[in-house]
Amino acid sequence: MVRSRKFFPMIKGISYFGVRRPKWALEDMKEIKERGFTHVLHTWSEEDLLYYRDSMQEIIDGSDALGLKVYVNPWGVGRVFGGEAFSELVGRNFSIAQKTVDGKSKVAACPNQPEFRLYMDQWIEAVCKTKVDTIFWDEPHFYFEKGALDNWACCCDHCQKKFLDQYGFKMPLSLTPEVETFRENSLIDFLNEMTEKVHRLGKRNSVCLLPPWFPAGIENWNRIAELPFVDEISSDPYWEKTTPSETIKENYREISKRLLSLAQKYNKDAQMWIKNYHIVEGKESDVRLATEEAYNAGIRNIFAWSYRGSEYLSWLRSDNPELVFETQIHALENLK
């Protein structure tokens, strides 16, 4: 039976990262709460797991105490997930690296490697000891290079053996239908295992899918939506600095409709992410347009990346971060 979204309150969320002093982070959480947000996403990187575990617990539990529901994502972990965080897993153990078809190892862990999955077990155990509500599996993907899509991953020894066992012949050097299916099966299997572990610890799972124009390895979104321990599906069709406003609107409209259709079919929640970084001066209204398109398509769970127009991460900073932040707040306030 399809759940009607009209019985669910509007979810308004924003991501937050970079500040690891609980006192200051929680001052920002107060502002986030006061400005009308109901949810916050905190990033949890490899560095956080190694050096900031107790600090992260204070920040997450403090956010919950302020009345914010908390999402946490594996920020840049293994370079299997999105995020501007360094990963040293492969540097510590080069045998788990993804390999591209040219035979070179990349600074990204292979999701088929048992040792990487063991590391993710540790990550899940640590995060789920906090008052996190939802684990956000952010853009799970295989390594890819812009402009070199024929140099795909992963061709590590473990993947090659697994492919041979499944198909009865050696892995081809081209991206054949069998290889595409194998890559998708690998990510599905990985996410199924991870989301089940999170579910056993009493937390929700949300999977954010890269938009169709990225060769992430997951083409069939139905396969994510039908996973038994996935509670929510989302996407982030972020735009380039030169993308026309009409294209932004069209992308947000179409992908929101696609998500909502899948969510209704599989009885899951649907979520959309609005770009709040790299916003060009004079184009702040695109934030409002994207928000309105998602809402008009039926989405009632809208998050923004990230807090205050990403002003404190200079590589992502918008030209006028304060105006971006205010534009996002007013866009959410004006939804009827």
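This is a predicted model: local features need pLDDT of at least 70, side-chain atom pairs count only at pLDDT 80 or more; totals for chains, interfaces and linings use all residues.
User: Why are helix 9 and helix 10 called roughly parallel?

Analyst: The axes of helix 9 (residues 245–266) and helix 10 (residues 285–296) cross at roughly 25°. Angles under 35 degrees count as roughly parallel, and helix 9 and helix 10 are therefore roughly parallel to each other. Their axes come within 8 Å, and the crossing is right-handed.

User: Which residues make the contact between these two helices?

Analyst: Helix 9 contributes Ser245, Ile248, Lys249, Tyr252, Arg253 and Ser256, while helix 10 contributes Asp286, Leu289, Ala290, Glu293 and Ala294. By class, this contact of helix 9 with helix 10 holds 5 nonpolar, 2 polar and 4 charged residues.

User: What makes helix 1 roughly parallel to helix 3?

Analyst: The crossing angle between helix 1 (residues 22–34) and helix 3 (residues 53–65) is roughly 25°, and their axes come within 9 Å. The cut-off is under 35 degrees, so helix 1 is roughly parallel to helix 3. Helix 1 and helix 3 cross in a right-handed way.

User: Where do helix 1 and helix 3 meet?

Analyst: Pro22, Ala25, Leu26 and Met29 of helix 1 meet Ser55, Glu58, Ile59, Gly62 and Ser63 of helix 3. The contact of helix 1 with helix 3 divides into 5 nonpolar, 3 polar and 1 charged residues.

User: How do you know that Trp305 is buried?

Analyst: Trp305 has a relative accessible area of 7%. Buried means under 20%, so Trp305 is buried. Trp305 belongs to strand 10 (residues 301–305). Between Trp305 and Phe182 there are 31 Å in space, C-alpha to C-alpha, and the two are 123 residues apart in sequence.

User: What kind of peptide bond joins Trp305 and Ser306?

Analyst: The bond is cis, with omega about 5°. Ser306 is in the loop between strand 10 and helix 11 (321–333). A cis peptide bond also runs from Ala153 to Cys154, where omega is near 20°. Cys154 is in the loop between strand 6 (134–138) and helix 6 (157–167).

User: Is Arg308 buried or exposed, and how do you know?

Analyst: The relative accessible area of Arg308 is 14%. That value is set against the 20% limit for buried, so Arg308 is buried. Arg308 lies in the loop between strand 10 and helix 11. Phi of Arg308 is near 55°, a positive value in a residue other than glycine.

User: Why is Asn267 called partly exposed?

Analyst: Its relative accessible area is 36%. Buried means under 20% and exposed over 50%, with partly exposed in between, so Asn267 is partly exposed. Asn267 sits in the loop between helix 9 and strand 9 (269–275). Phi of Asn267 is positive too, near 60°, and the residue is not glycine.

User: What makes Met120, Trp123 and Trp137 stand out in the largest nonpolar core?

Analyst: Of the 100 residues in that core, Met120, Trp123 and Trp137 touch the most other members. Helix 7 (residues 177–200) supplies the largest share of this core, 8 residues.

User: Which residues is Trp123 in contact with, leaving aside its neighbours within four places in sequence?

Analyst: Trp123 is in contact with Trp44, Leu49, Val72, Asn73, Pro74, Val77, Ile135 and Trp137. Contact here means heavy atoms within 4.5 Å.

How values were computed:
Residues are numbered from 1 along each chain as its sequence is written. Side-chain values use heavy atoms; hydrogens and water are left out. Axes are lines fitted to C-alpha atoms, for helices over the stretch in contact, and angles run from 0 to 180 degrees between N-to-C directions. Helices (H or I, at least four residues) and strands (E, at least two) are DSSP runs, numbered from the N terminus. Angles under 35 degrees count as roughly parallel, over 145 as roughly antiparallel, 65 to 115 as roughly perpendicular and the rest as oblique. A crossing is left-handed if the near helix is turned anticlockwise from the far one by less than a right angle, and right-handed if clockwise. Ala, Val, Leu, Ile, Met, Phe, Trp, Tyr, Cys and Pro count as nonpolar, Asp, Glu, Lys and Arg as charged, and the others, Gly among them, as polar. A nonpolar core is a set of buried Ala, Val, Leu, Ile, Met, Phe, Trp, Tyr and Cys residues joined through side-chain atoms within 4.5 Å. Buried means under 20% relative accessible area, exposed over 50%, partly exposed in between (1.4 Å probe, protein chains only).
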